[in-house]
Amino acid sequence: MGRYVLRRLLQLIPVFIGTTFIIYALVWAIPQDPFAGKCGQRPCPESYIAAMSEKFNFDDPLPLQYLKYMGNVVTGDFGDTFSGISVGEQIATAYPTTVKLAIIALLIEALIGITAGVLTGLRKQGFLDNLVLVSTLFLISLPVFVTGFVLRLYLGPQGLDLFDVGVDSTDPTFAQLILPGFVLGSTSMAYVARLTRSSIAENRHADYVRTAIAKGQPTRRVVGVHLLRNSLIPVITFLGTDLGSLMGGAIVTEGVFNINGIGGLIFRGIQEKEGITVTGVVTMLVLVYLLMSLVVDLLYAVLDPRIRYE
Amino acid sequence: MSIYGTEPKANLLPANTTEAGGSKAVEALYTRLVGFKAEDGSTYNLAAESITTSDAKVYTIKLKQGWKFHDGTDVKAKNFVDAWNYGAYAPNAQQGSPFFAQIQGYDDVSPATEGAAPTAEKMSGLEVVGDYEFKVTLKGPFSVFTSQIGYLPFSPLPDAFFADPKAFEAKPIGNGPMKFVSRTPNALIKLERFADYQGEDKVHFKTLDIKIYSSQETAYQDLVGGKLDFMEALPPSAKIGDKHKSDLGDRVLNANLLGISTIGVPYYVPGFDNLDLRKAIALAINRDQITKTVLANSYAPVDGWVPPGIDGYEPNVCGDFCKYDKEKAKEYFTKSGFTGKLTIQSNADGGRKEPLEAACNSIKDALGVDCEFVGATNFGAFRQIVDGQQLTGMSRSDWSADYPSIENFLNPMYKTGGSSNDTTYSNPAVDALLAKADGTADKNEAIKVYQEAHRLMAKDLPSIPVWTEKGIGGYSKNLSAAKLTFKRDGELAAFRVKG
Amino acid sequence: MSDPGASGAGLEKAAASAVGDLSHVDDSSQRQGKPRSLWSDAWGELRRKPTFIISLVIIFIVVVMAAFPSLFTSVDPRAANLDNYLKTPSADAWFGYDVQGYDVYARAVYGARASLLVGLFSTLLTVLIGSVVGIFAGYAKSWVDSLLSRFGDIFAGVPFVLGAIVILTTFNSPTENPSAVRIITQVVLSIAVLSWPVSMRIMRSATLVAKQQDYVKAARGLGASPLRIVFRHLLPNTVAPVLVYATIALGAFIGAEATLAFLGIGLRPPVVSWGVMISESRDYFQAAPHMLLFPAGFVTITVLAFVILGDAVRDALDPKSR
């Protein structure tokens with residue numbers, strides 16, 4: 001196990017470098033002038049351009065720029081934006097919101113998805129089963145921003161007024177994030193339901209379940225302890241991977257609900273050509289994503305004793 | 001009290017603030033020599049006791065005594081002179097540097113040629129005469145200077161700034177009605193009332209939160225819900241069908257703005273240096289219908305290149321050519337002999353696309369020529385095309401003036417080589433009139449000459465005037481009064497909190 | 001990978017895991033010694049499935065709409081009349097009019113082409129790149145496999161929406177007037193570049209399974225060239241999972257097109273697509289929901305049709321579900 005983890009960690013390094021370099025190159029080596037439009041209706045003063053080019057090493061060849069940048073990142077310095085705001089500080093304000101939203105989305109998709117999956121998996125082919133199958137397909141097909149806009153329109157203050165759709169820009173409350181969390185988690189929720197359903201249906205006829213029933217254990221215990229525990233292994237690993245993606249920020253959902261998270265930070269960064277913000281955030285996200293997928297693989301081994309990593 | 005804000009794009013130094021996001025805070029933190037009246041932009045003295053000149057070239061400025069910075073030090077003449085020199089000096093890379101270009105010696109501290117090193121650190125045109133008096137010498141007569149010094153880069157900076165600029169950036173110290181408390185990036189800038197403030201634009205509330213929003217939409221919901229107290233502009237969705245009027249009732253604010261929208265017809269595009277084509281296009285745009293529908297009544301048609309509300313505005317300078325007339329448009333178009341496709345380029349975001357696409361459709365309908373809106377993804381991308389003179393058709397050419405003067409609507413856009421003359425318009429007769437006006441010391445006389453230039457330029461249709469934005473803002477039920485200025489911001493001194 | 005559903009990335013991932021089982025499918029049928037029966041069995045089952053028929057009909061209609069829009073409407077989608085500004089649906093215009101006074105129905109019909117083209121070409125490209133790299137990685141020596149897999153990880157590590165935004169913003173050289181073809185190509189390429197690792201993994205694992213089959217070993221033992229082994233023996237046995245993935249991905253990419261357009265970086269005028277229409281409705285959907293709901297409905301129904309189709313084909317190909 002230890003050797004496996006070590007090998008995986010070593011494998012992460014080239015992937016990390018490759019991904020961040022691609023993003024870095026795309027953001028900075030653009031044939032676009034980073035100063036166009038920066039100074040309003042007039043071109044930027046020559047002196048300003050010179051000072052900023054110096055600050056961001058624009059005059060160095062790209063690989064050298066990248067090396068200098070990564071050198072700073074390794075020491076924990078993500079640099080400052082054109083306006084002199086520390087990128088580290090930007091991340092620190094935006095990230096808690098994103099994490100909060102991700103956790104809420106995860107809870108919603110796990111709760112609703114697993115419940116629907118268990119109910120339909122135990123009773124296949126009924127009305128409920130068909131309902132869940134059709135509605136999950138529908139959810140999967142619906143682009144997130146459509147779900148977001150429609151729910152915001154019809155459940156927000158202008159529709160049924162069930163939710164307050166304003167989200168505070170710092171430290172939003174749990175209640176404010178329920179609707180966005182639902183929207184963000186909706187697709188995965190549908191998938192969790194389908195995954196649970198097929199997993200339960202498959203394991204229902206497994207030998208160990210039959211044995212448990214034959215031993216005369218109450219159905220509750222059979223389902224709750226034996227069936228559920230084994231059937232949920234793939235579901236839990238799916239949720240783990242999903243958390244990794246959700247932590248990457250939700251550009252669209254954050255945009256629809258105007259949540260001040262990491263997704264919005266990146267989006268604005270790209271639009272306003274704050275390359276330093278973009279590369280900083282992406283570097284961190286790629287790291288989070290890679291580590292999460294490693295954790296998920298390990299989790300899988302822990303949960304399912306049949307799997308052994310050499 | 002809280003007001004709507006966007007994330008500043010530069011640090012909060014006055015000379016480095018050239019956009020709306022940072023201006024909000026900087027406006028409240030610093031006070032300049034003169035202020036502008038909210039209604040018409042006429043100036044009144046703030047930190048200045050008197051500003052005198054005999055030839056519009058050398059100005060003697062006396063300061064009021066007893067004014068203080070937020071750290072308790074006195075506001076003296078050298079604070080102005082040092083701050084202006086700092087702003088202009090090229091190596092300091094302040095975005096507002098070109099604003100000082102009229103002052104003598106500017107070229108020595110910020111050479112126009114690329115890569116040239118400045119030969120001086122200070123502008124020779126600035127001279128401290130006493131603790132509370134200084135003299136400004138300009139390159140030539142420039143009557144608008146007394147308005148220009150009301151603009152942000154002309155703010156004073158305390159000695160503390162020069163002692164430790166880095167610490168100052170983190171916690172700016174100004175001389176304005178509000179002082180800095182704290183800032184959270186992308187979220188909040190907190191200010192509080194400065195008790196020792198001497199100006200007549202004192203504020204009547206204790207604290208000011210500039211809440212940063214990434215969308216006007218959310219901000220508007222907060223405004224209606226009472227979580228935000230003031231917005232100087234409303235999102236498009238609130239204006240459709242006059243929704244804001246039913247949401248806000250009598251809490252809607254209106255003001256004339258210093259902006260004008262025109263459609264640029266660049267002279268460097270082949271076939272466009274054609275007066276008949278310009279006339280045809282100008283006649284083919286149904287300004288009334290577009291402003292009433294697509295623009296949801298938040299804009300009004302214009303009839304010249306200077307918007308109403310500016311001192312020196314004259315009605316109907318554009319004449320019949322800015323009135324929709326399908327037949328005449330077609331006539332001129334046939335006469336022009338233009339063949340090919342017309343395009344209007346602009347950034348597509350921020351609601352820029354819809355009215356121009358409608359204008360294009362109107363042109364297409366009237367002239368029977370294909371017209372297409374070509375969108376760039378954002379303002380930066382669009383400016384890059386314009387700055388590089390790479391337009392291949394017409395373009396959005398909106399101007400929002402830096403200070404309320406007819407001069408600022410003509411010089412930058414229509415003078416040969418003007419800083420924003422994106423269409424490369426050049427008419428020596430117009431240039432001569434503008435130069436003459438710049439050098440006229442008497443303000444009213446100068447305006448007359450500017451008007452003459454405006455009328456002369458109109459004959460060339462250097463760009464097609466279309467509409468001007470009406471300032472529409474609003475305040476929450478927590479306030480009993482608020483005021484919107486011509487600069488599209490809140491006149492903080494006029495705000496009153498309920499109870 | 002931000003916004004799993006919006007981007008298609010999540011949907012693709014779902015599709016990828018859904019087809020995971022299928023790599024074993026051929027395995028079992030091979031063992032039973034009737035290699036052909038899998039497909040005919042599947043076809044037999046599919047024909048009786050109402051969801052399969054319905055989804056095929058929907059896809060057929062959308063394809064006809066894309067090919068011959070004038071069959072569905074006689075209105076020019078670019079005919080603007082501001083007198084009809086934001087008019088709600090009526091007998092004259094079933095879906096109402098938009099901000100410019102365009103007929104929403106006519107635009108939705110004409111928008112089918114661009115949306116479908118993006119979906120189709122992105123899928124083709126994704127599957128093509130992914131399959132070639134995947135089959136090669138699965139068949140080649142282990143260090144080549146490692147190298148290719150890590151290379152795929154690099155692209156998979158970039159969150160989809162984020163990657164697409166960066167790529168499209170970067171290559172949207174603002175100094176030109178891109179033609180419709182170029183705009184569509186850009187979107188297709190950026191989707192494919194970010195999605196191929198998924199189909200590569202599917203192909204790779206299917207190849208790994210098939211490689212162990214006795215007949216492949218036998219063919220190798222008989223001295224068959226690697227090329228022949230790949231085309232004659234491996235490819236036919238790895239097609240099923242890729243096919244299922246492709247069907248679902250096609251739907252996902254149509255959704256992704258809409259998402260990118262919504263963000264203002266995907267397709268854009270002069271191209272008319274469902275995504276473009278949706279992004280145009282952004283400021284107006286509160287006052288005129290019909291501007292959003294109709295194109296969004298078209299996207300959803302089309303994506304749904306492809307997802308159902310893929311779902312049905314997978315069920316039919318998976319003996320366990322019978």
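Student: Which residue in β18(B) is the bridge partner of B:Pro301?

Tutor: B:Trp467 is the bridge partner of B:Pro301 in β18(B). Before we go on, note that this is a predicted model, where local features need pLDDT of at least 70, side-chain atom pairs count only at pLDDT 80 or more, and totals for chains, interfaces and linings use all residues. Residues are numbered from 1 along each chain as its sequence is written, while chains are lettered from A and ligands numbered from 1 in the order in which they are written.

Student: What counts as a strand, and what counts as pairing?

Tutor: Strands (E, at least two residues) and helices (H or I, at least four) are DSSP runs, numbered from the N terminus. Two strands pair if DSSP finds at least two bridges between them. Here, strand β14 (residues 299-301) of chain B pairs with β18(B) in the antiparallel sense over three bridges.

Student: Which other strands pair with β18(B) in the antiparallel sense?

Tutor: Among them are strand β12 (residues 252-256) of chain B, with five bridges, and strand β13 (residues 259-264) of chain B, with four bridges. Strand β11 (residues 230-231) of chain B also runs antiparallel to β18(B), joined to it by two bridges. For landmarks along β18(B), find B:Ser463 as the bridge partner of B:Gly264, B:Gly473 opposite B:Leu253, and B:Gly474 opposite B:Met231.

Student: Why is strand β18 of chain B described as largely enclosed?

Tutor: A residue is buried if 20 or more other C-beta atoms, placed from the backbone, lie within 10 Å of its own, exposed if 12 or fewer, and partly exposed in between. In strand β18 (residues 463-475) of chain B, 12 of the 13 residues are buried, so the strand is largely enclosed by the rest of the structure.

Student: Is B:Ala358 buried or exposed?

Tutor: B:Ala358 counts as buried because it has 25 C-beta neighbours inside 10 Å. This residue lies in helix α13 (residues 353-367) of chain B. Contact means C-beta atoms, placed from the backbone, within 7 Å. Leaving out residues up to four places away in sequence, B:Ala358 touches B:Ile290, B:Val294, C:Leu82 and C:Gln100.

Student: How do I read a nonpolar core?

Tutor: In soluble globular proteins, nonpolar side chains tend to be buried together. A nonpolar core is a set of buried Ala, Val, Leu, Ile, Met, Phe, Trp, Tyr and Cys residues joined through C-beta atoms within 7 Å. The largest one here has 319 residues, and A:Val192, B:Ala359, B:Ile363 and C:Ile165 touch the most other members. Helix α13 (residues 290-317) of chain C gives the largest share of this core, 18 residues. A second, separate core of eight residues includes B:Ala381, B:Phe382, B:Val386 and B:Leu391.

Student: How many residues of chain A are in contact with chain C?

Tutor: On the chain A side there are 45 residues, in contact with 41 residues of chain C. The largest share of the chain A side, nine residues, comes from α1(A). That side divides into 30 nonpolar, 14 polar and one charged (Ala, Val, Leu, Ile, Met, Phe, Trp, Tyr, Cys and Pro count as nonpolar, Asp, Glu, Lys and Arg as charged, and the others, Gly among them, as polar).

Student: What is the mean pLDDT of chain A?

Tutor: pLDDT is the predictor's confidence in each residue, from 0 to 100. For chain A the mean is 78, and 85% of its residues reach 70 or more. Chain A has 12 helices and zero strands.

Notes. Two residues are in contact if their C-beta atoms, placed from the backbone, lie within 7 Å.
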